[in-house]
Amino acid sequence: MNKKLVAALSGGAALVLALTGCGGGDDSGNKKKLDDWAKRVCDQMQPQVKKITDANASIASVLNEEDSKKIQQIDSAAFQANADAYKALATSVQNAGAPPVKDGESSEKNAVKALNDLSTAYAELKKRVDGLDTGDKSKFSDGLKSIAGDIAKLSGRSDDALKKLQSGDVGKSMAKTPGCQKPVGSPTQTKKA
């Protein structure tokens, strides 16, 4: 009953991992400023990425759980953790300001909006999962399926802005900054159901 939800969450987790392990682009004269910008963002990023990864793992941990109430509690806590983490990521990018590259201001604004949208959407998902009827397994299962579909749509909407932020020289600087490097042994993709 929770398999579609886990599959949908893997898309959101992939976005965060992409943002934290980005690369590519050409070198330019603004290297030092860009590295400083990347450090300001990346220093705040790793704890939030861990929160998101842990939250998604908790949802996966109840994949075969039969107790609807337990699934609801774990999913609710995970959605709240994701909402808080995405909000903190948006704040980190916003506080760092625009990266010193062409269209940096636009990239920053788009990424902040995408991250804030993710935060708001996860808060809404928490409200929805909290409102599901755990006494009726069929209705509960249908509610989870609906939530999983919304997560998949959500990941797609935010993808473009995050990719733009982490492209070119910005991505290159972020990729070599310790706080933005993927942890060793981190999952690149969650198994799809």
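1. The secondary structure of the protein chain amounts to six helices and zero strands, where helices (H or I, at least four residues) and strands (E, at least two) are DSSP runs numbered from the N terminus. Read along the sequence, the pattern is α-α-α-α-α-α. This is a predicted model, in which local features need pLDDT of at least 70 and side-chain atom pairs count only at pLDDT 80 or more, while totals for chains, interfaces and linings use all residues. Residues are numbered from 1 along each chain as its sequence is written, and side-chain values use heavy atoms, with hydrogens and water left out.

2. On the chain as a whole, 44% of the 193 residues count as buried, a term that means under 20% relative accessible area, against over 50% for exposed and partly exposed in between (1.4 Å probe, protein chains only). The protein chain exposes about 9500 Å², of which carbon and sulfur atoms supply 51%; accessible areas come from the Shrake-Rupley method with a 1.4 Å probe, and for residues only the protein chains shown count as cover.

3. Among contacts (heavy atoms within 4.5 Å) between residues at least 6 apart in sequence, 84% join residues at least 24 apart.

4. Aromatic rings deserve a separate point. Rings of Phe, Tyr and Trp (its six-membered ring) pair if their centres lie within 6.5 Å, with planes under 30 degrees apart counted as stacked, over 60 as edge-to-face and the rest as tilted. By this rule the count comes to two aromatic pairs. One of them, formed by Phe79 and Tyr122, is tilted, at 6.0 Å centre to centre and 40° between the planes. That pair links distant parts of the chain, since Phe79 lies in helix α3 and Tyr122 in helix α4 (residues 104-130), 43 residues apart. Phe79 is buried, because its relative accessible area is 0%, and Tyr122 also counts as buried, at 1% relative accessibility.

5. The rings of Tyr86 and Tyr122 have centres 5.6 Å apart and planes at 10°, so this pair is stacked. Here too distant parts of the chain are linked, with Tyr86 in helix α3 and Tyr122 in helix α4, 36 residues apart. Tyr86 counts as buried because its relative accessibility is 2%. Phe79, Tyr86 and Tyr122 form one aromatic cluster.

6. Leu89 is placed in helix α3 (residues 68-96), and it counts as buried because its relative accessibility is 1%. Not counting residues up to four places away in sequence, Leu89 touches Met45, Gln48, Ile52 and Leu115. Leu89 and Gln46 are 43 residues apart in sequence, yet their C-alpha atoms are 9.5 Å apart in space.
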